[in-house]
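Here are some notes to read with the model open beside you. Take the points in order and find each residue as you go.

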Amino acid sequence: MKALKGMFGTAIGFAMAAAFSAGIIALVLSLAAEQLPGLKALGTQLRCIAGIPAEGSACVAEKFAALEAAHRAVEAERDDLVRQATEYEARRKELEALNGLVENYSQFQTETLRFGKVSTGIRFASVLKPEVWSEAWCYLDRDVRGLRRQITLGNQTSGEAVRWTRVSPAQLSDADLTRAQLDQAKAACHFPEAL
């Protein structure tokens, strides 16, 4: 442990000595540059590297240009955030107005099978809360000899399991369906929660 502390102390001492020496060299070259014009450019570069740039040097101009570019980028980002916030607020107000007009906010998803269309409907609490739903239902629409048949497949209330409708053999015959087709239609329902 003492050896590690000694090595660490030596490294710190060396770094301090190197920094001090670099500073002295930069200062000497800076002063000498005034007397020897050939060293002026080198002195200006060394001062820039050391972090003490000469006034009016290219280093200062570059730093100012970088700061101005960063400032413009921040302003552009701020303006974009303000625009997004304004658009969000306008959209929120539109949805509030729409929510006041809508009494029954339901969405449907339909899947077409070879023998009919399966539709799942979901009723939501409001336009503003589409993640909160109250009930869902699923049914099969099918044309049989020119007559429309609609068979309710199941219902679901939020937080409860799906209640599948019992379809009698007479109902299957009336709709010209097999039990396998009925099971395929049930599989095509898109209830929001599978409990």
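What covers the buried residues of helix 5? Keep that in mind as you go through the points; this is a predicted model.

1. Start with helix 5 itself, which spans residues 179-187. Its buried residues are Q181, L182 and A185.

2. Now for the cover. It includes four strands: strand 1 (105-113), strand 2 (116-126), strand 3 (129-144) and strand 4 (147-157). Helix 4 (169-174) is also among the elements covering those residues.

3. Next, zoom in on S119, which sits in strand 2. Is S119 buried or exposed? Its relative accessibility is 6%, and buried means under 20%, so S119 counts as buried. Its side chain makes a polar contact with the side chain of T110, at 3.3 Å. Leaving aside residues up to four places away in sequence, S119 touches Q109, T110, W137, C138 and Y139.

4. Follow S119 across to strand 3 and you land on Y139, which stands opposite. Strand 2 and strand 3 run antiparallel, joined by nine bridges, and they form a hairpin with two residues between them.

5. Keep going from Y139: its bridge partner in strand 4 is T152. Strand 3 and strand 4 also pair in the antiparallel sense, over ten bridges. Their hairpin has two residues between the strands, and R145 there takes a positive phi near 50°.

Technical notes:
Residues are numbered from 1 along each chain as its sequence is written. This is a predicted model: local features need pLDDT of at least 70, side-chain atom pairs count only at pLDDT 80 or more; totals for chains, interfaces and linings use all residues. Side-chain values use heavy atoms; hydrogens and water are left out. Buried means under 20% relative accessible area, exposed over 50%, partly exposed in between (1.4 Å probe, protein chains only). Contact means heavy atoms within 4.5 Å. A polar contact is a pair of N or O atoms within 3.5 Å; within protein, one must be able to donate a hydrogen and the other to accept it, and residues adjacent in sequence count only if both atoms are side-chain atoms. Two strands pair if DSSP finds at least two bridges between them.
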